[in-house]
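Please find below a colleague's note for a reader who is meeting this structure for the first time. The points are meant to be read with the model open alongside.

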Amino acid sequence: MEKHPPKTTEKEKILLKIRQASEFPAMSGTIALVSRFTASEDATISELANIILKDFALTTKVLKVVNSVHYFQSGEVTTISRAILLMGFEAVKNIALTLMLFDRLQKNTANTELLDALIQSFFGGIIAQRLAHDISDIDEEEAFLCALLQPLGKIMVAFSMREALAEIRETAQDMKITEDAASRLILGISYEEIGTTIAREWNFPQKMIDGMKHVASSALSPEPEEGEKLGAVVSLATGISDIMASAADRETKDSRLRVMTKSYGIHAGPAAGKMDLLIGSSLKDLKDFAEVMNINLSRSRISRQGALWMEEPATEKQETDVLAFRTDSLKTIDAVLDMEESAENIFLKGIQEINSTMLGSNSLNDVIRIVMETMYRGLKTSLLAKSLFFVKNTKEPSMEIRLGFGADVDALKKRFVIPVGGEKDIFNIAITKHSDLIIKDVDAPDIGSFIPPWFRRVVTDPSYVILLPLTVGEKIIGLYYLEGARSGFQDISKGQLNYLRILRDQTVMAIRQQRG
């Protein structure tokens, strides 16, 4: 009997169309990679920082968010590593996920529906974070991310099948049903189901996926558990965002907001009782975020309606002003200068940050991680590919990678092991002579005899190498290894080399400080 392949359902067709949209595969891979990390091991902090640092623009945006919103009272934060120390692993991870998602999706600047959905979802996230602030058992970062992602299904439809949005919206208005229900009628699958399916594919935690699901006030139990509380806050925040984005007048919005917050009762938290303050402060945070992301808010409904709510004059000129339409191909000089930071500034700020870290109750690994990140970012314009820290093996005559930034660091940990003693090569010369070494080109004929065969198997591309051993009491305990493309060496200045030595010396000071 002939077997026929199973029939593809309408749901599967819609999900397949979304997955096949441009940018989706690359976006999915990166987001899934970041979201799988947990702070269970020290090494994962370096791994998260490493993923962020590979994207210069993302690094800059994360640091701008950290400094503009959260930790200005702690002094300027100039490295991802210290941002994680100050804010916590999950907070920085959530910021990075948010920025990556928005950055990928907003590249299609012609899709105004998509940009509008993105901005509205972020506004809902801000509101949820503020609502959760005074509610026990709810983490503010979780509330923010769940509310941000609750409209993910709608965002994905706007991203991949823009033409369906208008039909869904018209159906919802004509039948007086929610857009989620209208989506099920038109597409055969609801927005919520699309969003939670994609989130599951991106390896988001189950708690977060559950938090993305709408929780009606009528379905709340008298004494809800933590997950139900989170769902209530997220659903209320999304509802407030929807009301604020609508074209209704102020009186109608006020009435709808009162009814909604009253229906959620105590689950709304104290902030819900101060709606003007809640919305006003959330709109301000939205503007801060838009500046970081280089988004023109005047093109969004939530911004226009928010301006009316706050009784601010609308700036119609922004809609047609060429400078308001900012893309990767069109920026002001100020915007470019703001994104570019000189190597000297990176080194100077990194050195100051290390001093601050050493004054606190941080581990030696925290200091080393900030040192390596400063080296990595400071020499990026010199085509630096890797910044590694080796430690002495206490059982074997060798040195092994402890921490690192750059490509394929995890794979290198297994095969990049430096044999110590007995060999006259660049590594043992640096180690035994306590000498800082620079190899401009590992393939240069006059240096060939000092490059061990095992190293050529590990590093296959022609490159420059900088070795900075760490000596404490005439004893070698570690080694900084920097590797970059050969053509980039000419861009390394004497001043930058001096900064590298200062950073190494700071590490030695941190070791001595830890040993008392």
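**Notes on the sheet and selected helices**

1. Strand β4 (residues 437-439) pairs with β5 in the antiparallel sense over 3 bridges, where strands and helices are DSSP runs numbered from the N terminus, a strand (E) having at least two residues and a helix (H or I) at least four, and where two strands pair if DSSP finds at least two bridges between them. Within this pairing, Leu437 has Leu467 of β5 as its bridge partner.

2. As to the basis of these remarks, this is a predicted model, in which local features need pLDDT of at least 70 and side-chain atom pairs count only at pLDDT 80 or more, while totals for chains, interfaces and linings use all residues. Residues are numbered from 1 along each chain as its sequence is written, and side-chain values use heavy atoms, with hydrogens and water left out.

3. β5 also pairs with strand β6 (residues 475-485), again in the antiparallel sense, over 10 bridges. Pro469 stands opposite Leu479 in β6, and Val465 has Glu483 of β6 as its bridge partner. The hairpin of β5 and β6 has 2 residues between the strands, and Gly473 there takes a positive phi near 60°.

4. In strand β5 (residues 463-472), 9 of the 10 residues are buried, and in β6 9 of the 11 residues are buried, so β6 is largely enclosed by the rest of the structure.

5. On its other pairing, β6 is joined to strand β1 (residues 384-392) in the antiparallel sense over 7 bridges, with Val391 standing opposite Gly478 in β6. Strand β2 (residues 398-406) and β3 run antiparallel and are joined by 3 bridges, and the bridge partner of Ser398 in β3 is Pro419.

6. Taken as a whole, the open sheet has 6 strands in the order β3-β2-β1-β6-β5-β4, with antiparallel pairing. Because β3 (417-419) and β4 stand at the edges, each with a single partner strand, one side of each is left without a neighbour in the sheet. The twist averages 20° from one strand to the next. Helix α25 (residues 494-515) packs on this sheet, touching β4, β5 and β6, and its direction makes about 30° with that of β5; such angles run from 0 to 180 degrees between N-to-C directions, and axes are lines fitted to C-alpha atoms, for helices over the stretch in contact.

7. Elsewhere, helix α14 (residues 226-245) and helix α17 (residues 301-309) pack at an angle of about 75°, with their axes 8 Å apart. This makes α14 roughly perpendicular to α17, a label given to angles of 65 to 115 degrees. The contact, meaning heavy atoms within 4.5 Å, is made by Ser241, Met244 and Ala245 of α14 together with Arg301, Ile302, Gln305, Gly306 and Trp309 of α17.

8. Finally, 14 of the 17 residues of α6 are buried, so this helix is largely enclosed by the rest of the structure.

Conventions:
Buried < 20%, exposed > 50% of the residue type's maximum accessible area, 1.4 Å probe, protein only. Parallel < 35°, antiparallel > 145°, perpendicular 65-115°, else oblique.
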